[in-house]
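I opened this notebook to record how the chain is packed. The entries follow the order in which I looked things up.

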Amino acid sequence: MTIKIKNTDSHCPPRNVFQAMFSGFMLKCPSCNQGRIFGKYLKVNHQCDHCSEELHFHRADDAPPYFTIFIVGHIVVPLMMAIEVAYKPNLWLQLSVWLPLTVALCYWILPRVKGALIGLQWANYMHGFHPDHDEAEEYGGHVPQPVVETKV
Ligand SMILES: [Zn+2]
């Protein structure tokens, strides 16, 4: 399946949205599909360590947790209800199964959803991913600099 966007900017070649979102879902750079998006669990690298594509332009904000809750809720709740109706297990058994499963699913899905959203933004030239983007204008004259971490 290929999703192409209609691109009105002649100097911006169309990008494959599905491929970029899938690369992001696999925690890979949407541009080269080789480098890693995240340096830590949810900390997006300033740029790709393979192709140097700048990734800090993303504006995922609250969307990844929203979609993660939506997805995990639609997996866990029907399963829990079906088990309850079919077997009526004790409450302690329900809690000992569904709570860890919910936490584990959220932990696994959250960075993948964030990566897919970054891929979506990259493929559609959203925010700073557009070549004509003026970063200073977006931040009111103050351009955020990458955080340099020093190891002690
Ligand atoms: Zn890359």
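**Helix H1 and its cover**

I first looked up what covers the buried residues of H1, and the cover includes H3. The model is predicted: local features need pLDDT of at least 70, side-chain atom pairs count only at pLDDT 80 or more, and totals for chains, interfaces and linings use all residues. Residues are numbered from 1 along each chain as its sequence is written.

I took a residue as buried if 20 or more other C-beta atoms, placed from the backbone, lie within 10 Å of its own. Helices are DSSP runs (H or I, at least four residues), numbered from the N terminus. I listed Ala 20, Met 21, Ser 23 and Gly 24 as the buried residues of H1. They lie on the same side of H1, because they cover an arc of only 160° around the axis, taken from the directions from the helix axis to the C-beta atoms. Just after H1, I noted a positive phi of about 65° at Leu 27.

I then checked Leu 117: leaving aside residues up to four places away in sequence, Leu 117 touches Ala 60, Ala 63 and Pro 64, a contact being C-beta atoms, placed from the backbone, within 7 Å.

**Whole chain**

I recorded 4 helices and 0 strands. Buried residues make up 19% of the 152 residues.

Terms used. Two residues are in contact if their C-beta atoms, placed from the backbone, lie within 7 Å. Helices (H or I, at least four residues) and strands (E, at least two) are DSSP runs, numbered from the N terminus. A residue is buried if 20 or more other C-beta atoms lie within 10 Å of its own, exposed if 12 or fewer, and partly exposed in between; C-beta atoms are placed from the backbone.
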